Amino acid sequence: MVLETPNNPAHPVFAFAIRDGVLHPGGCDIRSLAQRAGPGGFYLYDAGLVRERLAALRQAMPADVRLSYALKANPFTPLLRLMRHLVDGFDVASCGEMAAALATGMASSAVSFAGPGKDAREIAAALAAGVRVVVEDIGEIDDIARLSRELPLARPPRLALRIHPPFALKQAGMRMGGEATAFGIAVDEIGAVVARARDAGIDIDGLHVFAASQSLDGSALGELHERTAELMITVAETHGLHPRWLNLGGGYGIPYAEGDRPLDLSAVMAGLARACDRLRGHWPDAEILIELGRYLVGEAGLYVMRVLRRKRINGETFLVTDGGLHQHLAATGNFGQVLHRSWPICLPEHLPEGIARSRGEPERGEERVWIAGRLCTPLDVFARRIILPRIMPGDLIAVCQSGAYGASASPNRFLSHPPPVEMLVG
Ligand SMILES: Cc1ncc(COP(=O)(O)O)c(C=O)c1O
């Protein structure tokens with residue numbers, strides 16, 4: 001994605017329908033959607049774009065690999081109901097996510113519950129529901145052993161071990177392996193965990209590795225799948241495990257900033273196919289899956305706000321909006337990013353000329369502006385000195401790539417403004 005020139009067909013906004021210069025997510029005029037949403041920032045998720053993304057991914061994936069959707073990326077109920085028919089399973093990380101996943105009608109056997117801090121109440125709920133528990137600590141084995149005795153369970157627990165991989169993915173936005181993080185079980189602790197499970201008569205028939213998030217390096221992700229497969233084989237052979245469920249994780253990223261290039265999916269899939277061949281050589285009938293969040297839904301979402309005020313401070317022009325970091329923390333660069341790089345921003349009522357760029361000089365009718373949220377903190381800034389056509393209070397501003405880690409990953413209660421409205425369209 002290169003955003004230097006307006007009219008750039010690679011800009012993510014062009015994935016959406018545009019009619020007479022006005023954005024029509026899911027075929028609906030964004031001005032009517034804004035009216036329906038009422039005051040305050042709001043999210044739009046385009047169901048057609050989600051379907052397209054899933055169809056293209058399925059086409060590229062090895063036919064025998066299953067796809068799990070990580071609810072943490074976006075747990076909006078109508079979106080989950082759609083995802084239920086497009087993926088093979090759900091990954092959840094809390095009882096709230098588990099309830100939301102099961103409420104869609106997804107079979108409990110296709111839901112897995114991971115997370116480094118599961119308490120006994122959560123483990124009990126997962127076991128009772130028949131959801132697979134991804135064990136991340138030896139203490140969870142003790143809880144599971146006790147709960148299996150105490151609870152009237154309809155079937156033996158479905159369990160997997162999450163291995164803390166000794167390797168990392170260098171180019172990833174976030175790493176869960178290869179360094180000190182709280183996720184999974186260290187390779188040299190696995191023997192003790194397996195022994196504890198055997199002593200308690202508990203069968204562990206799954207392995208899980210989730211090493212990274214937000215990588216745009218297709219070959220590195222492909223290699224990661226291969227290394228993960230080798231790690232699983234080594235762990236299983238060392239500890240006499242016979243896994244039937246092999247979750248290779250994911251980490252597939254989407255382009256957010258100027259200069260980011262979309263993921264080369266073919267490189268990832270080549271590595272995934274090789275990883276599967278290796279695993280199939282050992283366990284021909286095992287279920288092999290990948291677990292993705294943002295790659296499935298991130299590009300189908302827009303965050304939309306209205307300009308409330310225009311003001312000049314220290315020679316700079318500020319557009320203060322009715323949105324803010326309480327509704328979209330990530331787009332203000334405060335969700336774990338080291339460097340703040342503006343997300344793709346546009347004026348959805350004035351396309352294609354209303355595409356923000358940071359380089360060059362303003363042309364006629366354009367100006368250099370800051371886009372600020374409405375919160376009383378200098379952190380609440382979506383963009384600094386971007387070039388846009390001059391707009392006025394009441395006009396709409398949209399942040400693309402906002403379908404993942406948006407509303408649910410923001411401190412909605414900060415300053416007690418209302419939470420954002422969310423809509424699935426199309
Ligand atoms: C265990 C696990 N699965 C899946 C995901 C989803 O990652 P992404 O949205 O980058 O695909 C994460 C992200 O943190 C995770 O920790």
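Strands E16 (residues 316–321) and E18 (residues 366–372) are paired in the parallel sense, and four bridges link them. The model is a predicted one. Within this pair, Phe 318 has Trp 370 of E18 opposite it. E18 also pairs with strand E19 (residues 381–389), here in the antiparallel sense and over six bridges.

The loop between strand E15 (301–313) and E16 holds Asn 314. Asn 314 is not a glycine, yet its phi is positive, at about 50 degrees. The loop between strand E17 (345–346) and E18 holds Pro 352. The peptide bond that leads from Leu 351 to Pro 352 is cis, and its omega is near 5 degrees.

Helix H4 (residues 95–103) packs on H5 at an angle of about 20 degrees, and the two axes are 10 Å apart. Angles under 35 degrees count as roughly parallel, so H4 and H5 are roughly parallel to each other. The crossing of H4 past H5 is left-handed. On the H4 side the contact consists of Cys 95, Met 98 and Leu 102, and on the H5 side of Glu 122, Ala 125, Ala 126 and Ala 129. By class, this contact of H4 with H5 has six nonpolar residues, no polar ones and one charged residue.

H5 (residues 120–129) has a further contact, with helix H6 (residues 138–150); their axes come within 10 Å and cross at roughly 55 degrees. At that angle H5 is therefore oblique to H6. H5 passes H6 in a right-handed crossing. H5 contributes Ala 120, Ile 123, Ala 124 and Leu 127 to the contact, while H6 contributes Glu 140, Asp 143, Ile 144 and Leu 147. Divided by class, the residues of the contact of H5 with H6 are six nonpolar, no polar and two charged.

Another helix pair is formed by H8 (residues 218–239) and H9 (residues 265–282), whose axes are 6 Å apart and which pack at an angle of about 10 degrees. H8 and H9 are therefore roughly parallel to each other. The crossing of H8 past H9 is right-handed. In H8 the residues of the contact include Gly 218, Leu 221, Gly 222, His 225, Ala 229 and Ile 233. Those of H9 include Leu 265, Val 268, Gly 271, Leu 272, Ala 275 and His 282. Charged residues also take part, among them Glu 223, Glu 226 and Glu 230 of H8 and Arg 274 and Arg 278 of H9. By class, the contact of H8 with H9 has 11 nonpolar, seven polar and five charged residues.

Terms used
Residues numbered from 1 in each chain as written. Predicted model: local features only at pLDDT ≥ 70, side-chain atom pairs only at ≥ 80, totals over all residues. Pairing = 2+ DSSP bridges. Helix = DSSP H or I, 4+ residues; strand = E, 2+ residues; numbered from the N terminus. Axes fitted to C-alpha atoms, helices over the stretch in contact; angles between N-to-C directions. Parallel < 35°, antiparallel > 145°, perpendicular 65-115°, else oblique. Left-handed = near helix turned anticlockwise from the far one by under 90°. Contact = placed C-beta atoms within 7 Å.
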